[in-house]
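This report walks through the backbone, the cores and the aromatic pairs of one model. Have the coordinates open while reading.

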Amino acid sequence: MKLQILILPFLLLLAVAAVHAHNITRILAEHPDFSTFNHYLTTTHLAAEINRRRTITVCAVDNSAMNDLLSHHYPLPTVKNILSLHIFADYFGSKKLHQITKGSTTTSSLFQATGEAAGTSGYVNITDMKGGKVGFTPVDSDADLPMATFVKSIEELPYNISVIQISSILTSPEAEAPVAAPTDLNLTSLLAKQGCKSFSDLLTAEGAADAFAQSVEGGLSIFCPSDAALKSFAPSYKNLTAAGKTSLLLYHAVPEYNSLGMLRSSNGLVNTLATEGAKKFDFTVQNDGDDVKLETKVVTATIKGTLIDEDPLAVYKIDRVLLPKELFKAAPAAKSSAGDEAEAPGPAGDDDVPADENSNSGGWRDVGGGGIVAFGVALILGVLLV
């Protein structure tokens, strides 16, 4: 009895993990009629976004419908926006589609959820029509009739993922709007308009903006501290040497493209633009549930939003300034006995970094669901062997 009581919770954890796991690429690989749609989900990095979400609906179209889309010769970022309209941030199996309350509902697509769409663009109307048909139309579309209809269910794992076939491509003027190529973007202007004006101003003032711009074509991921984070960090920043300021700014960029899904699935050390010889200037990417954290051994920052994600450029907003161990003291290992956060790290020989924005909250960190499941497997095996 004791053995059963010990094992049961971990078996339940394993079952939950197994239910959540889905891979859209593998699902569609079993259906050759959707090979083109499947290919572009991978090419646009939408597949990784689908796989990381716990609840999702994918409206797949067959190769013939994809050929109609590709005949317009849209650039890849535009194709990504259009395909994002086919991915709903909710579960709609075939049964639910035919039982929609009052016959119609509106759902958010990834085009809306990722912040690419403005206003109501990115929402899709779903209508349960007469004769058992179900229609789909983007909210900002001019179409009088449904733009596409439900054809069949491909695979359903209630209530995690539903993959259904619809008759034709969903699109809208907003999704088809021209998208500037990442290499043509004015990075400092983009950052300034998206809540990172202070960081943008520092890049310009220190001459680091050119290094960022020159790295985009080969792939670049930028982690931009919010204006609030930089405001409280300003006193310590002023105490850095000119070379230290440049290194700090370059430390906020990784010379390779990483979508949010890639960051979540590829934890580990990454080099930065500041890396030079023995001066590693690296930090660790670590997912914590749905959050992505950047750990520098001095502070831990969390990604709070995506400014742009168009291969080869990704720009994310973070809640703290990243402090490299090459320039700043390592964070204390634990909180004080009074329960308050320990004194924040500062530049080597300096203790001016404000505690509210750049202090580490302690040495302990939850290992997340994956760690719990792994521990459960190990414990079960150990008990069975005994």
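Histidine 45 is partly exposed, with a relative accessible area of 22%. The model is predicted. Histidine 45 sits in the loop between helix H3 (35-43) and helix H4 (46-52). Its phi is positive, about 70°, although the residue is not a glycine. Most residues other than glycine have a negative phi, and most peptide bonds are trans.

Phenylalanine 281 is another non-glycine residue with a positive phi, near 45°. Its loop runs between strand S10 (268-270) and strand S11 (283-288). Phenylalanine 281 is buried, at a relative accessible area of 4%.

Proline 158 and tyrosine 159 are joined by a cis peptide bond, with omega about -15°. Tyrosine 159 belongs to the loop between strand S6 (148-157) and strand S7 (161-166).

## Overall build

The protein has 17 helices and 14 strands. Of its 386 residues, 47% are buried. Its accessible surface is about 18,500 Å², and carbon and sulfur atoms account for 54% of that. Take the contacts between residues at least 6 apart in sequence: 63% of them join residues at least 24 apart.

## Two helices

Which residues of helix H11 (residues 197-206) are buried? They are Phe199, Ser200, Leu202 and Leu203. These residues cover an arc of only 160° around the axis, which puts them on the same side of H11. Thr204 and Ala205, on the other side of H11, are exposed. The cover over the buried residues of H11 includes helix H10 (187-193), helix H12 (209-215), strand S8 (220-225), helix H13 (227-238) and helix H14 (242-250). Just after H11, glycine 207 adopts a positive phi of about 75°.

Helix H6 (residues 76-84) is mostly covered, with 8 of its 9 residues buried. Among them are Lys80 and Asn81, along with Val79, Ile82 and Leu83.

## Nonpolar cores

In soluble globular proteins, nonpolar side chains tend to be buried together. Here the largest nonpolar core has 52 residues. Those with the most contacts inside it are Phe199, Phe212, Ile222, Phe223, Leu248 and Phe283. Strand S14 (residues 313-318) gives this core its largest share, 5 residues. A second, separate core holds 43 residues, including Ile100, Val124, Phe136 and Phe150.

What does phenylalanine 283 touch, leaving aside its neighbours within four places in sequence? Its contacts include Phe223, Tyr251, Val254, Leu269, Val270, Leu294 and Leu322. Gly268, Thr272, Glu295 and Thr296 are also in contact with phenylalanine 283.

## Aromatic pairs

A search of the whole structure finds 10 aromatic pairs. Two of them are set out here.

| Pair | Centre distance | Plane angle | Geometry |
|---|---|---|---|
| Phenylalanine 88 and phenylalanine 92 | 6.3 Å | 85° | edge-to-face |
| Phenylalanine 223 and tyrosine 316 | 5.8 Å | 25° | stacked |

Phenylalanine 88 and phenylalanine 92 are both buried. Lysine 96 lies over the face of phenylalanine 92, at 4.4 Å from the ring centre.

Phenylalanine 223 and tyrosine 316 are buried too. Phenylalanine 223 lies in strand S8 and tyrosine 316 in strand S14, so this pair ties together parts that are 93 residues apart in sequence. Ring pairs also link Phe223, Tyr251, Phe281, Phe283 and Tyr316 into a cluster. One of its members, phenylalanine 281, has the positive phi near 45°.

Terms used
Residues are numbered from 1 along each chain as its sequence is written. This is a predicted model: local features need pLDDT of at least 70, side-chain atom pairs count only at pLDDT 80 or more; totals for chains, interfaces and linings use all residues. Side-chain values use heavy atoms; hydrogens and water are left out. Buried means under 20% relative accessible area, exposed over 50%, partly exposed in between (1.4 Å probe, protein chains only). Helices (H or I, at least four residues) and strands (E, at least two) are DSSP runs, numbered from the N terminus. The arc is that of the directions from the helix axis to the C-beta atoms. Contact means heavy atoms within 4.5 Å. A nonpolar core is a set of buried Ala, Val, Leu, Ile, Met, Phe, Trp, Tyr and Cys residues joined through side-chain atoms within 4.5 Å. Accessible areas come from the Shrake-Rupley method with a 1.4 Å probe; for residues, only the protein chains shown count as cover. Rings of Phe, Tyr and Trp (its six-membered ring) pair if their centres lie within 6.5 Å; planes under 30 degrees apart count as stacked, over 60 as edge-to-face and the rest as tilted. A charge sits over a ring if NZ of Lys or CZ of Arg is within 6 Å of the ring centre and within 35 degrees of the ring normal.
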